[in-house]
Amino acid sequence: MAAAIRRHGEETFPHECCGALIGRDDGVVAAVPLPNTTEEGPRRRFLVRPSDYRMAEQKATDLGSELLGFYHSHPDHPARPSQFDLDHAWPNFAYVIVSVMSGAARDMTVWYLQDDRSRFDEGTLNGDQDSDSDSASSVHR
Amino acid sequence: MATKILIPTPLRPYTDKQEAVEASGATVGELLVDLTTKYSGLKAHLYNEQGKLRSFVNIYINDEDIRYLQKDQTPVSATDTISIIPSVAGGV
């Protein structure tokens, strides 16, 4: 999962990539790449439109899994959520961020919105962080 | 008059994990007031500090976005299905 997200971030560099995380009990079984449909400039923004959101939720159901959250890249920026990320976040979702510096994927982190929307808390991302494997990964608070 | 409302994954913890709930009202606006009265945890995530629907919250009546109908004044009936559909946005 992590390797696929890194590759996606490198492919779309210098633009942001985005996609859905599908799994169960925090274990990620699929990272589904989605089109970045932002009209505000894809170097600094991403947008998953409602029709793609619906498709991702349906795909999770079809796999007998759940929609765990979403990932996106920060081109030439650290893997930390921005104020814009916070302002637009949904609760109870994992937000995976991969930093892509000069075209090469670096740090990857996962974040969860606090219920009062005041900030993100960093979660734990386990699995194939530093390898090229596509083995299962997990995300949790 | 009760109308079915489909709840997206991130909001289900506030509706006792239900994927679909019912609320009453003659318009989408009235329905959402009833919904957020019954399930108060939804309010902060659907509305901003000014009491307006957040920009990344999309409300569909059957398959149409209410922004292209009469917004929160859009009439609803018991045979309609309302969906709350997220846009997911962010950036650096």
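**Close-up views of a two-chain model**

Y95(A) is buried, with a relative accessible area of 3%. This residue opens the views below, which show a predicted model.

**View 1. Y95(A) and F120(A) form an edge-to-face aromatic pair.** Their ring centres are 5.8 Å apart, and the planes make 70°. That angle is over 60°, so the pair counts as edge-to-face. F120(A) is buried too, at 10% relative accessibility. Y95(A) belongs to strand β5 of chain A, and F120(A) to strand β7 (residues 120–122) of chain A. The pair therefore ties together parts that lie 25 residues apart in sequence.

**View 2. W90(A) and F56(B) pair across the two chains.** A search of the whole structure gives four aromatic pairs over all chains. In this one the centres lie 5.5 Å apart and the planes stand at 80°, so the geometry is edge-to-face. W90(A) sits in the loop between α3 (83–87) and β5 (94–101) of chain A. F56(B) sits in the loop between α2 (43–46) and β3 (57–61) of chain B. How buried is W90(A)? Its relative accessible area is 0%. F56(B) is buried as well, at 4%.

**View 3. Two arginines of chain A lie over aromatic rings.** R45(A) is placed over the face of F84(A), 3.6 Å from the ring centre. R54(A) reaches a ring of chain B: its charged end sits over Y60(B), 5.4 Å from the centre of that ring.

**View 4. F70(A) is part of an aromatic cluster and of a nonpolar core.** The cluster consists of Y53(A), F70(A) and F93(A). The largest nonpolar core has 48 residues. Which of them touch the most other members? They are L67(A), F70(A), I5(B), L35(B) and I84(B). Beyond its neighbours within four places in sequence, F70(A) has contacts that include L21(A), L34(A), V48(A), Y95(A) and V96(A). V88(B) is also in contact with F70(A). Another core, of 18 residues, lies apart from the largest one. Among its members are A2(A), I5(A), C17(A) and V96(A).

View 5. The buried residues of α1(A) are A2(A), A3(A), I5(A), R6(A), H8(A) and G9(A). Is R6(A) buried or exposed? R6(A) is buried, with a relative accessible area of 13%. R6(A) and V100(A) are 94 residues apart in sequence, yet their C-alpha atoms are 8.0 Å apart in space.

**View 6. Chain B has an open sheet of five strands.** The strand order is β2-β1-β5-β3-β4, and the pairing is mixed. β2 (20–24) and β4 (64–65) of chain B form the edges. Each has a single partner strand, so one side of each has no neighbour in the sheet. Further in, β3(B) pairs with β5 (residues 81–86) of chain B in the antiparallel sense, over five bridges. V57(B) stands opposite P86(B) of β5(B).

**View 7. Helices from both chains meet the chain B sheet.** Helix α2 (residues 50–62) of chain A packs on the sheet and touches β3 and β5 of chain B. The direction of this helix makes about 100° with that of β5(B). Helix α1 (residues 28–38) of chain B lies across β1 (2–6), β2, β3 and β5 of chain B. This helix runs at about 115° to β2(B).

How values were computed
Residues are numbered from 1 along each chain as its sequence is written. Chains are lettered from A and ligands numbered from 1 in the order in which they are written. This is a predicted model: local features need pLDDT of at least 70, side-chain atom pairs count only at pLDDT 80 or more; totals for chains, interfaces and linings use all residues. Side-chain values use heavy atoms; hydrogens and water are left out. Rings of Phe, Tyr and Trp (its six-membered ring) pair if their centres lie within 6.5 Å; planes under 30 degrees apart count as stacked, over 60 as edge-to-face and the rest as tilted. Helices (H or I, at least four residues) and strands (E, at least two) are DSSP runs, numbered from the N terminus. Buried means under 20% relative accessible area, exposed over 50%, partly exposed in between (1.4 Å probe, protein chains only). A charge sits over a ring if NZ of Lys or CZ of Arg is within 6 Å of the ring centre and within 35 degrees of the ring normal. Two strands pair if DSSP finds at least two bridges between them. Contact means heavy atoms within 4.5 Å. Axes are lines fitted to C-alpha atoms, for helices over the stretch in contact, and angles run from 0 to 180 degrees between N-to-C directions. A nonpolar core is a set of buried Ala, Val, Leu, Ile, Met, Phe, Trp, Tyr and Cys residues joined through side-chain atoms within 4.5 Å.
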